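Please read them alongside the coordinates.

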Amino acid sequence: MTLKKWALGDTITERSANNKGVRKGLEADLITPTIADVDAEIGDLYFNETEFCHQSVQIVSGRKRTSLRTSLGADGTEVTVTGTSPTQRKDISFVKSPANGFSGNRIFIIAEIKTDDAGTTASFRVRKNGGGSDELVLTTTSLTYEIKTGSFDINADSNGRITLEFFMDDGGAGDVISNRELEVYGV
Amino acid sequence: MEWKIITREIIDNKNNITIVETSQQIDEVGNIYQIHGGIIPKACQKCKEPFDSEVKAFPLTQKIPYYKCEDCEFENTGGEATLDHKIETSHNIKKSTKDRIVSLENKIVGNKANIEHTEDDIIIICDRCNGF
């Protein structure tokens, strides 16, 4: 809630009680005019259910917000895989620790990917702790780099080191999938 | 395959319940499609079986020269040391090649998800149903 100075005799109205400060909703619920400018201030905290993260208002007009996420790692090296066999090309690790480290429960992946054959679907697979299933798959049929994003839960994971392994494969035997930017965030 | 938008209930401060749509869709077998294109595969849309692939390490090998002395226990992969041995002992050397493991490469093997985008659908099927 937006912190206001209250004076003796102030009346708590519906607007001052409910329309300010801390708000939860989908992206469509948090933008102007759903929340009018008069009901928003710099520093207001929202929980964006579309982007699944807390956001803080930076510019009231147009409701420009900054997402409060923790960067867990990044790798901008360009890598490729040829063919249909999913092969690991990158990995990023972090420690889940309520005491001193990252203590969130959801991981966000951002990756630039492309293929050299628009007729097939290329896949960028995210695995966890060498596990037996894809936590998340980002796909592309684009011949130029496009940014793909997705997220998955780690709420059931124990505290300690968590490794993310990134595999790639393309739909045809001689097709090549490429990855350049890779960023990992958590909330 | 039919995709349904995942909904949830919200209760306001007057206890009114409203159904709102989230940014994710789910199909009949539990696969999830996210608003920005991310897919969390759970099971094959055709045979309904959950995916059961695993990660295995495959060696990347390189052919290197291999020298084995036919008259004693000497063996080496270096030509210079082998030449020294031959000069010093006048033994006969047999030259061949052997594989050296350069590194290990992780690959996914088993029944993984294969994803294909069509104009109005996302097809998620396993390797077996895909004919691999």
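Predicted model: local features only at pLDDT ≥ 70, side-chain atom pairs only at ≥ 80, totals over all residues.

1. A:Thr120 counts as buried because its relative accessibility is 18%, and the cut-off for buried is under 20%.

2. Leaving aside residues up to four places away in sequence, the contacts of A:Thr120 are A:Thr115, A:Thr140, A:Thr141, A:Asp170, A:Gly171, A:Gly172 and A:Asp175.

3. Chain A as a whole has 13 strands and 2 helices. Of its 187 residues, 46% count as buried.

4. On contact range: taking the contacts in chain A with a separation of 6 or more, 64% are between residues 24 or more positions apart.

5. One sheet of chain A is open and has 4 strands in the order S1-S2-S3-S4, with mixed pairing. Its edges are strand S1 (23-25) and strand S4 (64-68), each of which pairs on one side only. On average, neighbouring strands of this sheet are turned by 35° against each other, direction ignored.

6. Within chain A, strand S3 (residues 53-59) pairs with S4(A) over 5 bridges, in the antiparallel sense. In this part of the model, A:Gln55 stands opposite A:Ser67, a residue of S4(A).

Note on methods. Residues numbered from 1 in each chain as written. Chains lettered and ligands numbered in written order. Heavy atoms only, no water. Buried < 20%, exposed > 50% of the residue type's maximum accessible area, 1.4 Å probe, protein only. Contact = heavy atoms within 4.5 Å. Pairing = 2+ DSSP bridges. Axes fitted to C-alpha atoms, helices over the stretch in contact; angles between N-to-C directions.
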